[in-house]
Amino acid sequence: MKLPTVQLPDLIPNTKGIMKYEDGRPKVVLETDFYVLINRKVYKIPNGFEYDHASVPRGLWNTFPPYDPLYAGAACLHDWCYAGEFFPRKFADQLFLSAMCFTGVPKWKRNLMYTAVRIGGAFTYKKHTIKTVMEVRELSGITEKKRPLWKAA
């Protein structure tokens with residue numbers, strides 16, 4: 001599979017904890033914009049975006065800690081792509097894998113994490129409503145309500 005090219009100028013997003021939880025996992029909020037280069041195009045994940053780092057079941061945190069700096073940026077990018085439905089789900093998952101390649105996550109770990117989002121990500125994606133999607137899009141400066149966004153053009 002040919003992966004998209006992803007570069008993260010900052011490996012670790014600047015976040016702070018907030019008193020919100022998603023499926024028992026603490027959420028964080030970006031304190032500054034987080035820029036990502038995807039196939040030589042710059043995307044801005046905006047200050048104020050809330051996410052839960054890597055969505056890893058608690059029993060696996062010793063092997064896959066949710067806050068690992070090697071995949072902190074990849075998790076932010078992936079959560080933003082999912083939350084705003086900016087790209088097809090499969091492409092968002094490939095961005096996650098590519099970002100982990102860029103940051104040096106060991107191959108065995110990134111492949112397991114990629115497989116997990118391919119299998120489990122559909123459950124998260126199905127929870128979206130137009131309201132939750134539009135909150136992220138509006139924060140990102142996008143007002144297009146058509147779902148999915150990538151067919152809007």
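**Close-up views of a predicted model**

**View 1. Arginine 40 in the loop between β4 and β5.** Arginine 40 is found in the loop that links β4 to β5. The structure shown here and in the following views is a predicted model. The phi angle of arginine 40 is near 70°, a positive value in a residue other than glycine. With a relative accessible area of 79%, arginine 40 is exposed, because exposed residues are those over 50%.

**View 2. Histidine 53 in the loop between β6 and α1.** Histidine 53 has its place in the loop between β6 (50-51) and α1. Its phi is near 60°, again a positive value in a residue other than glycine. The relative accessibility of histidine 53 is 7%, so this residue counts as buried, the limit for burial being under 20%.

**View 3. Leucine 11 in the loop between β1 and β2.** The loop that holds leucine 11 runs between β1 (6-7) and β2 (15-22). Leucine 11 is partly exposed, and its relative accessible area is 39%. Not counting residues up to four places away in sequence, leucine 11 touches Pro69, Ala72, Gly73, Phe102 and Thr103.

**View 4. The largest nonpolar core.** This core has 36 residues, of which Val36, Ile45, Phe49, Tyr71, Leu77 and Trp80 touch the most other members. Two or more residues are given to the core by each of β3 (25-30), β4 (34-38), β5 (41-45), α1 (72-84), α2 and α3. The largest share, 8 residues, comes from α1. For leucine 77, the contacts are Val6, Val36, Ile38, Ile45, Leu95 and Ala99, leaving aside neighbours within four places in sequence.

**View 5. Histidine 78 in helix α1.** Histidine 78 is found in helix α1. The relative accessible area of histidine 78 is 6%, and this residue is therefore buried. Leaving aside neighbours within four places in sequence, histidine 78 is in contact with Ala92, Asp93, Phe96 and Val117. Of these partners, Asp93 and Phe96 in α2 and Val117 in α3 also take part in the meeting of those two helices, which is the subject of the next view.

**View 6. Packing of helix α2 against helix α3.** Helix α2 (residues 89-103) and helix α3 (residues 107-126) pack at an angle of about 150°, and their axes are 10 Å apart. The two helices are therefore roughly antiparallel to each other, since angles over 145 degrees count as such. The crossing of α2 past α3 is right-handed. On the α2 side, the contact is formed by Arg89, Lys90, Asp93, Gln94, Phe96, Leu97, Met100 and Cys101. These residues meet Arg110, Asn111, Met113, Tyr114, Val117, Arg118, Gly121, Ala122 and Tyr125 in α3. By class, the residues of this contact divide into 9 nonpolar, 3 polar and 5 charged.

**View 7. Crossing of helix α1 and helix α4.** The axes of α1 and helix α4 (residues 130-139) cross at roughly 125° and come within 7 Å. The two helices are therefore oblique to each other. In α1, Trp80, Ala83 and Gly84 meet Thr132, Val133, Val136 and Arg137 of α4. The contact of α1 with α4 has 4 nonpolar, 2 polar and 1 charged residues. Trp80 is also one of the residues that touch the most other members of the largest nonpolar core.

Definitions and conventions: Residues are numbered from 1 along each chain as its sequence is written. This is a predicted model: local features need pLDDT of at least 70, side-chain atom pairs count only at pLDDT 80 or more; totals for chains, interfaces and linings use all residues. Side-chain values use heavy atoms; hydrogens and water are left out. Axes are lines fitted to C-alpha atoms, for helices over the stretch in contact, and angles run from 0 to 180 degrees between N-to-C directions. Helices (H or I, at least four residues) and strands (E, at least two) are DSSP runs, numbered from the N terminus. Angles under 35 degrees count as roughly parallel, over 145 as roughly antiparallel, 65 to 115 as roughly perpendicular and the rest as oblique. A crossing is left-handed if the near helix is turned anticlockwise from the far one by less than a right angle, and right-handed if clockwise. Contact means heavy atoms within 4.5 Å. Ala, Val, Leu, Ile, Met, Phe, Trp, Tyr, Cys and Pro count as nonpolar, Asp, Glu, Lys and Arg as charged, and the others, Gly among them, as polar. Buried means under 20% relative accessible area, exposed over 50%, partly exposed in between (1.4 Å probe, protein chains only). A nonpolar core is a set of buried Ala, Val, Leu, Ile, Met, Phe, Trp, Tyr and Cys residues joined through side-chain atoms within 4.5 Å.
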